[in-house]
Amino acid sequence: EVGMHTYDTGLHYDRYLREVIDFLEKDQHFREKLHNTDMEDIKQGKLAKELDFVSHHVRTKLDELKRQEVNRLRTLIKAKQDLEGGNDIAVDHQALLKQFEYLNHMNPHTFEVDDLDRLIKSATNDLENYDKERHDEFKKYEMMKEHDRREHLKTLDEDERKKEEEHYEEMRKKHADHPKVNHPGSHNQLKEVWEEADGLDPEDFDPKTFFNLHDTNGDGFFDEQELEALFTKELEKMYDPTNEEDDMVEMEEERLRMREHVMNEVDSNKDRLVSLDEFLVATKKKEFLEPDSWETLEQNQAYTDEEMREFEEHLAQQEQDLNLKAVDLQKQRDELERQQEQLNAQKVELQQVQGVEGNAFPEIHAVENQLHLEQPAPEAPQDTLQEHHEQQNEVLAQHGLPQTHQDLPPGHQEAAQGQHNLP
């Protein structure tokens, strides 16, 4: 996996992978072994055993890298558990680290032969899956683009729809109208890079010089990124970010297709790297000088009609599920609101009761005290009682309380008692 350290592989353990390779390449013995070992042997773990001969300094550094990576994974596990609300559960790191197959979790402190073996196998396997995932994502992207276009057409009236369809067709033709695209990895394609990107005389094209010019990290191999960079000129013929008809997501898929095609043709030991020898062998093949024409993406629809039909069915099902969830959520919301209203009503009731007990009583007592002041003697004349009665009503009226009856019999104490039955 030499050369991998020059770019992001897209793997979640990319940094660890690159740092391990960087340090291994600093060891003279290991570097020589690495460059002289066939990829199949590397994949089968034969190279990993050479770790035993690596210098003490490099081994110490690898131990440190592994400890850092184990700590990173533990932090990730902890963060994931916190998000899922399980922060009170004791974390079994050993059990959880098992899922990371690219390192040996049984010895979290030292980097062993088994670690290198696992790292190589995982990276090889994961990178192959990574390309497949990229293709799958692109297919979904294209189907969604077509789905959105169809849905948009449904919202238009007949004239607008016709105009939209004509515009779509015009953009499609405009995108397909471009200079001839050279077959990736062919003599013509590389010669064009030599002439236009490198500014050299096409008559002087020399494969070995070309290889050295474009092996940008100077490790003696074309890695995937160095290969993909060779297709930029071809892609610029078809894609311009300022044009409405050109989609940059499609450009990246075209770049991936070109790289995979060249790798399949040239990378004979399947290590995802092109050595100088492999490159020179490829330049001597008949296909290098007289390739088939290259079928671009627009000539190869990313999905079949059947896949599109299934995709739209899946979307419709998702929408239906979302609608059902939305209805269910609305019901839950309504129920919560109803419960909230009940609670509010109970709260108001309680406040009223507390208000009567805690706030109204002092006021009533104050009124009572005022009413009881200078209470006339029972034998007081009728007009004195009448006058007292009017004073009582005046006090009650001031406090907004119901007034007592006018016709109290002489000498009767009912007025005073009536105050105790106030609402």
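The following legends describe close-up views of a predicted model of a protein chain.

**View 1. Confidence along the protein chain.** The mean pLDDT of the chain is 81, and 78% of the residues score at least 70. Among the elements, the highest mean pLDDT, 96, belongs to helix H9 (residues 207-214), and the lowest, 45, to helix H17 (residues 414-418).

**View 2. Two stretches with pLDDT under 50.** One of these stretches covers residues 1-6, where the model has 27 contacts beyond four places in sequence. The other covers residues 407-423, with pLDDT below 50 and 19 contacts beyond near neighbours in sequence.

**View 3. Packing of helix H6 against helix H12.** Helix H6 spans residues 113-154 and helix H12 spans residues 248-266; their axes lie 11 Å apart, at an angle of about 145 degrees. The crossing of H6 and H12 is left-handed.

**View 4. Residues at the contact of H6 with H12.** H6 contributes Asp 131, Arg 134, His 135, Phe 138, Tyr 141, Glu 142 and Lys 145. From H12, the residues that meet them are Val 249, Glu 250, Glu 252, Glu 253, Leu 256, Arg 257, Arg 259 and Glu 260. Sorted by class, this contact comprises 10 charged, 4 nonpolar and 1 polar residues.

**View 5. Helix H12 and its start.** H12 consists of 19 residues, and the distance from its first C-alpha to its last is 27 Å, close to the 27 Å expected at 1.5 Å a residue. At the start of H12, the backbone nitrogen of Val 249 lies within 2.8 Å of a side-chain oxygen of Asp 247. Val 249 is also among the H12 residues that meet H6.

Notes. Residues numbered from 1 in each chain as written. Predicted model: local features only at pLDDT ≥ 70, side-chain atom pairs only at ≥ 80, totals over all residues. Heavy atoms only, no water. pLDDT = per-residue confidence, 0-100. Helix = DSSP H or I, 4+ residues; strand = E, 2+ residues; numbered from the N terminus. Contact = heavy atoms within 4.5 Å. Axes fitted to C-alpha atoms, helices over the stretch in contact; angles between N-to-C directions. Left-handed = near helix turned anticlockwise from the far one by under 90°. Nonpolar A, V, L, I, M, F, W, Y, C, P; charged D, E, K, R; others polar. Expected span 1.5 Å × (residues − 1). Polar contact = N/O pair within 3.5 Å; in protein donor to acceptor, adjacent residues only side chain to side chain.
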